[in-house]
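Trainee: I would like to go through some helix packing labels. Can we take them one by one?

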Amino acid sequence: MPFLGQDWRSPGQSWVKTEEGWKKTTADDKNNNVSVESSFCVAEQQECFNKENLLFSLSYDMAAKKRKKDMMNNNTKVPYFHREKWIYVHKGSTKERHGYCTLGEAFNRLDFCSAIKDTRRFNYVVRLLELIAKSKLPSLSGVAQKNYMNILERVVQKVLDDQQNVRPIKELLQTLYVSLCGLVQDMGKSVLVGNINIWVHRMENILQWQQQLDNIQINRPTSTGMSLVELPASLQLSIMQCLSDGRDLVSLGQVCPELGALTEDRLLWKKLCQYHFTDRQIRKRLMVSDKGHLEWKKMYFKLSRCYPHREQYSDTLHFCTHCHILFWKDTNHPCTANNPESCTMSLFPQDFINLFNF
């Protein structure tokens with residue numbers, strides 16, 4: 001039996017045009033409908049119907065292929081995005097399924113366009129884009145690479161509209177540009193899919209996005225309520241303790257001298273170091289001042305250059321080890337709906353990429 005696709009088992013049905021419209025029929029139905037006393041005219045009419053069905057099928061296939069080609073063409077103005085809430089991750093070929101799920105396929109099929117509009121998932125998607133830009137971009141298919149750039153464009157546009165999360169996107173664009181500079185030099189070695197002129201044009205877009213982010217001006221909010229500067233010092237310090245990035249504290253301290261004095265609080269930087277780094281890492285990078293006190297602020301930035309920060313996300317992708325489904329948390333996966341204590345685990349961006357390392 002020849003291999004016809006991912007599932008070689010066929011139900012044996014075919015579409016046939018009748019007077020009432022198109023209907024599905026099997027071989028047995030055709031045999032029962034054919035009369036023994038059929039005349040030559042009926043047979044000729046059936047042959048005409050078969051030719052018409054064949055021509056319609058060919059024209060339909062050609063039209064479908066043309067629409068798909070136009071949708072994936074680089075000149076298409078409206079990009080196509082999948083909006084699947086969950087996918088099945090199969091890691092090997094079976095009789096029912098041929099091939100396996102790759103990183104590019106998962107990136108194409110999962111609904112990342114809606115995820116970037118969700119505040120809880122925005123940082124998760126940005127971190128995933130950064131990890132792919134560092135080392136996994138050549139492993140993506142041509143469609144996945146194009147989808148990557150389309151999602152990135154939407155992320156940049158969201159930041160320009162909302163005027164939030166500017167610094168992470170700048171770092172993402174810089175990481176991607178550096179990676180592409182090295183990959184474009186290796187064009188012709190099957191590193192990137194597509195014409196080199198397309199990637200040069202995409203690199204020009206990245207430079208343009210970087211310039212737009214550099215020229216962004218944060219508008220002052222129109223709220224008439226109390227501002228952060230007008231709050232008591234104790235409340236200001238409590239708000240600062242909710243920040244998980246030391247660079248945000250430094251930026252906040254540049255607003256006014258009063259906030260600048262609060263951001264120098266040693267206990268604030270101590271908690272920040274203990275949150276991101278282990279005791280063993282801290283002991284290796286101890287820094288003592290002339291007065292015998294630990295320089296927690298200097299230690300934080302020194303530790304940041306040596307060790308990765310602790311990742312924190314409001315929402316992540318989840319993976320069910322029972323049915324091998326990859327899904328967002330609020331998609332009502334059947335296993336979690338029927339059994340809340342099912343074998344599901346939360347995936348950080350690096351865990352998501354490691355899931356497809358076969």
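**Helix packing around α6**

Mentor: Start with the crossing: α6 passes α7 in a left-handed way. This is a predicted model, where local features need pLDDT of at least 70, side-chain atom pairs count only at pLDDT 80 or more, and totals for chains, interfaces and linings use all residues. Residues are numbered from 1 along each chain as its sequence is written, and side-chain values use heavy atoms, with hydrogens and water left out.

Trainee: What makes a crossing left-handed?

Mentor: The near helix is turned anticlockwise from the far one by less than a right angle.

Trainee: Why are α6 and α7 called roughly antiparallel?

Mentor: α6 and helix α7 (residues 166-184) pack at about 150°, with axes 10 Å apart. Angles over 145 degrees count as roughly antiparallel, and those under 35 as roughly parallel. Therefore α6 and α7 are roughly antiparallel.

Trainee: Which residues make that contact?

Mentor: Contact means heavy atoms within 4.5 Å. Tyr148, Met149, Leu152, Val155, Val156 and Val159 of α6 meet Val166, Ile169, Leu172, Leu173 and Leu176 of α7. By class there are 11 nonpolar, no polar and no charged residues. Ala, Val, Leu, Ile, Met, Phe, Trp, Tyr, Cys and Pro count as nonpolar, Asp, Glu, Lys and Arg as charged, and the others, Gly among them, as polar.

Conventions:
Axes are lines fitted to C-alpha atoms, for helices over the stretch in contact, and angles run from 0 to 180 degrees between N-to-C directions. Helices (H or I, at least four residues) and strands (E, at least two) are DSSP runs, numbered from the N terminus. Angles under 35 degrees count as roughly parallel, over 145 as roughly antiparallel, 65 to 115 as roughly perpendicular and the rest as oblique.
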